[in-house]
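Hi everyone, thanks for coming. Let me put the chain up on the screen, and then I'll walk you through it.

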Amino acid sequence: MYDDEEKWTEFKRRVRRILHVAFDQVVEQHRGHEYEDVAKARKSFELYWIEDRVLDGASAETLRRRYIEVKEKKDTPSGMDYNMFLCASPEAVESVLTLDDDNLPTTESSFWRDDASFLLVVMEEAEVNPHGDEERSEEHTSELQSPRLS
């Protein structure tokens, strides 16, 4: 991805469009009216991308350390104060880019479908189980290969 800026730009455009489907659903639930709070939330919603060739193929632990470093900077946006972050693995990027614009998710799309686009969620701390006190499974402890994260 680092060698194809056009592809990366298209990926980010599509991710933004996909993430705005949630706002579109709220508008539809209110008979097509976008209330001021929804419009304000939509306008202020922002993904902060960390793009660094050094992270290409990095382990989940390396990505966690980098995320913590970014969060500790004084000029870090307030929207980056979560204990998790999104990760664009090669498979996730492919899941977004293989769909043509006409097949991107909409408010009509089923949540569970074979061709659903996805990003990975990585917890800031490996020991935290995002499902609460349930027993940890192997899928929650595996390392991720990722060229970029947000």
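Let me start with a question: is Lys-71 buried, partly exposed or exposed? Lys-71 counts as partly exposed, because its relative accessible area is 24%; the cut-offs here are under 20% for buried, over 50% for exposed and partly exposed in between, with a 1.4 Å probe and protein chains only.

Some ground rules before I go on. This is a predicted model, in which local features need pLDDT of at least 70, side-chain atom pairs count only at pLDDT 80 or more, and totals for chains, interfaces and linings use all residues. Residues are numbered from 1 along each chain as its sequence is written, and side-chain values use heavy atoms, with hydrogens and water left out.

Now the overall layout. The chain has five helices and three strands, where helices (H or I, at least four residues) and strands (E, at least two) are DSSP runs numbered from the N terminus. Along the sequence they come in the order α-α-α-α-β-α-β-β. Of the 150 residues in the chain, 33% are buried. Take the contacts, meaning heavy atoms within 4.5 Å, between residues at least 6 apart in sequence: 73% of them join residues at least 24 apart.

Lys-71 makes a salt bridge with Glu-124, with 2.6 Å between the closest N and O atoms. By salt bridge I mean a side-chain nitrogen of Lys or Arg within 4 Å of a carboxyl oxygen of Asp or Glu. This pair links distant parts of the chain, since Lys-71 sits in helix α4 and Glu-124 in the loop between β2 (120-123) and β3 (148-149), 53 residues apart. Glu-124, at 16% relative accessibility, counts as buried.

Helix α4 itself runs over residues 60-72, so let's look along it. Its 13 residues reach 18 Å from the first C-alpha to the last, close to the 18 Å expected at 1.5 Å a residue; the expected span is 1.5 Å times one less than the number of residues. Ala-60, Leu-63, Arg-64, Tyr-67 and Val-70 are the buried residues in α4. Seen down the axis, they fall within an arc of 125°, so they line one face of α4. That arc is taken from the directions from the helix axis to the C-beta atoms. As a reminder, an α-helix has 3.6 residues a turn, so residues three or four places apart point the same way.

Most residues other than glycine have a negative phi. Arg-31 is exposed, at 84% relative accessibility.

In helix α5 (residues 90-97), the buried residues are Ala-92, Val-93, Ser-95, Val-96 and Leu-97. Their packing partners are α1 and β1.

How many salt bridges does a search of the whole structure find? The count is twelve. One of them joins the side chains of Asp-3 and Arg-53, at 3.3 Å from N to O. Asp-3 lies before α1 (5-19) and Arg-53 in the loop between α3 (36-44) and α4, so the pair ties together parts that are 50 residues apart in sequence. Both Asp-3 and Arg-53 are exposed.

Another salt bridge, Glu-10 to Arg-13, comes in at 2.6 Å, N to O. Those two are three residues apart in helix α1, which means about one helical turn separates them. Glu-10 is partly exposed at 24%, and Arg-13 is partly exposed at 35%. They also belong to a salt-bridge network with Arg-14, Arg-17 and Asp-101.

Last stop, the surface. Tyr-82, Met-84 and Val-121 form a nonpolar patch with about 300 Å² of accessible area together. Patches are built from residues with over 30% relative accessible area and no salt bridge, joining like charges within 9 Å and nonpolar side chains (Val, Leu, Ile, Met, Phe, Trp, Tyr) within 5 Å. Met-84 belongs to strand β1 (residues 84-88) and is partly exposed, at 36% relative accessibility. Thanks, everyone!

Methods: Areas by Shrake-Rupley, 256 points an atom, 1.4 Å probe, with all protein chains shown as cover.
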